[in-house]
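Here is a short note on the salt bridges in this model. Please read the points alongside the coordinates.

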Amino acid sequence: MKIRAAIPDDKVQICNVLCRSIEELCIADHAGNRAVLDPWLANKTPENVLKWMNNPNGQLLVAVDGDTILGVGFGSASGEIMLNYVSPGARFRGVSKALLQSLENYAVQQGARQSTLTSTRTAHRFYETCGYRNNGAATMRGELSGQPMSKQLP
């Protein structure tokens, strides 16, 4: 597995990974409820992927095995992790951890001293094992619950 910057040719495969990860792995968050799923998936489009890719204040990364994208991560220069999704077939292979570490390294290089994110129920324990701690009460974004978390960076 290799972590690299996303390129425009990745946009469709990135969307597929994001949507499959949400639909197949985040069941604890959406329970198959379209009122939760549809808004969550709405911005996972090739056009938005290109916007994330071209954002000068962030970095869109992919974990790849050959030409296959195993995971997708997006983080801001200020240390906010906004995407960290893994393809269902690559789950429990260290993909999310490698992406997270790369995004944290990027934030440190940009001068950030703290990383923040909003965790799903599905990913909460993962982030705790990576050193993140709850940072306030859970919030609702439409029908989707999210837990703010933060971690001090070196």
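Is E104 buried or exposed?

1. E104 is buried, at a relative accessible area of 9%. Buried means under 20% relative accessible area, exposed over 50%, and partly exposed in between (1.4 Å probe, protein chains only).

2. Basis. This is a predicted model, in which local features need pLDDT of at least 70, side-chain atom pairs count only at pLDDT 80 or more, and totals for chains, interfaces and linings use all residues. Residues are numbered from 1 along each chain as its sequence is written, and side-chain values use heavy atoms, with hydrogens and water left out.

3. The E104 pair. E104 forms a salt bridge with K151 (3.2 Å, N to O). The bridge links distant parts of the chain: E104 sits in helix α5 (residues 95-109) and K151 in strand β8 (residues 144-152), 47 residues apart. Helices (H or I, at least four residues) and strands (E, at least two) are DSSP runs, numbered from the N terminus.

4. The count. There are 4 salt bridges, each defined as a side-chain nitrogen of Lys or Arg within 4 Å of a carboxyl oxygen of Asp or Glu.

5. Helix α1 (residues 11-25). R20 and E24 lie here, 4 residues apart, about one turn of the helix. Their side chains form a salt bridge at 2.9 Å, N to O. R20 is partly exposed at 36%; E24 is partly exposed at 39%.

6. Helix α3 (residues 34-41). R34 and D38 are also 4 residues apart, about one turn. Their salt bridge spans 2.7 Å, N to O. D38 is partly exposed at 39%, and R34 is partly exposed at 43%.
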